[in-house]
Amino acid sequence: MRPRPHFPERCNRGKVLGTIAIYPGTFDPITLGHADIVCRASPLFDKLVVAVAGSSSKKTVFSPDERVALASEILAEFDNVEVRRFDGLMVDFARSQSASVVLRGLRAVTDFEYEFQLAGMNRKLMPECDTVFLPTSERYTYISSSLVREIATLGGDISEFVHPRIKQVLDERLSSRKK
Ligand code: ADP
């Protein structure tokens, strides 16, 4: 490959073989929006690691290990996708997985500002890794885990937004809380 002296070091390495991407998030619970991003991203990378944040500032309905188990179940059919829990800094986990890409989904302009800031900070902390955004498919734009939880808590039907298995466990969890 011709040297590119005016570009960052990583642009001189040529194609990164065996590209590993990590898709970090809270996944409380995994929705059809998340699953759609995984489905569309899995052919783009050699390996995709869905990284479930154990230490989230968000108050979660499911424990980290439950979120990992549920995401693993829903995504089992994707051969190059692994679901792992991480605690601490995402960039440390990305490094431990030898990931060169951080994948994030973008739903609307409102996601953009936060995601852009996060991508900038992650690049500062881990210059060898780049963020790739995939825009959501239109039918999933309005889905978020927090809305799904809220609708389920209020007795609404979430079957259009999550896999039937997630609906089942979320309904069970919320009804046991009411008792
Ligand atoms: P976080 O707490 O890191 O935002 P989430 O589980 O809420 O974790 O989201 C993880 C990633 O999935 C984020 O990049 C988010 O924008 C993306 N995402 C969430 N819901 C959807 C959706 N409906 N369509 C596409 N991407 C989504």
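User: Of the 16 residues around the ligand, which come nearest?

Analyst: This is a predicted model, in which local features need pLDDT of at least 70 and side-chain atom pairs count only at pLDDT 80 or more, while totals for chains, interfaces and linings use all residues. Residues are numbered from 1 along each chain as its sequence is written. A residue counts as near a molecule if its C-beta atom, placed from the backbone, lies within 6 Å of it. Of the 16 residues around the ligand, those that come nearest are G25, G33, R104, G105 and T136.

User: Which element supplies the largest share of the shell around the ligand?

Analyst: Helices (H or I, at least four residues) and strands (E, at least two) are DSSP runs numbered from the N terminus, and two of them, α1 (32-41) and β4 (101-106), each supply at least two residues of the shell. The largest share, three residues, comes from α1.

User: In what order do the five strands of the open sheet lie?

Analyst: Strands are taken to pair if DSSP finds at least two bridges between them, and six bridges join β1 (residues 20-25) to β2, with these two strands running parallel. The edge strands, each pairing on one side only, are β3 (81-86) and β5 (130-135). The pairing in the sheet is parallel, and the order is β3-β2-β1-β4-β5.

User: What angle does the direction of α1 make with that of β1?

Analyst: Axes are lines fitted to C-alpha atoms, for helices over the stretch in contact, and angles run from 0 to 180 degrees between N-to-C directions. Helix α1 packs on the sheet and touches β1, β2, β3, β4 and β5, contact meaning C-beta atoms, placed from the backbone, within 7 Å. The angle between α1 and β1 is about 175 degrees.

User: Which residue stands opposite A51 in β2?

Analyst: Leaving aside neighbours within four places in sequence, A51 is in contact with I22, Y23, P24, R84, F86, M90 and F93. The residue opposite A51 is P24.

Methods: Two residues are in contact if their C-beta atoms, placed from the backbone, lie within 7 Å.
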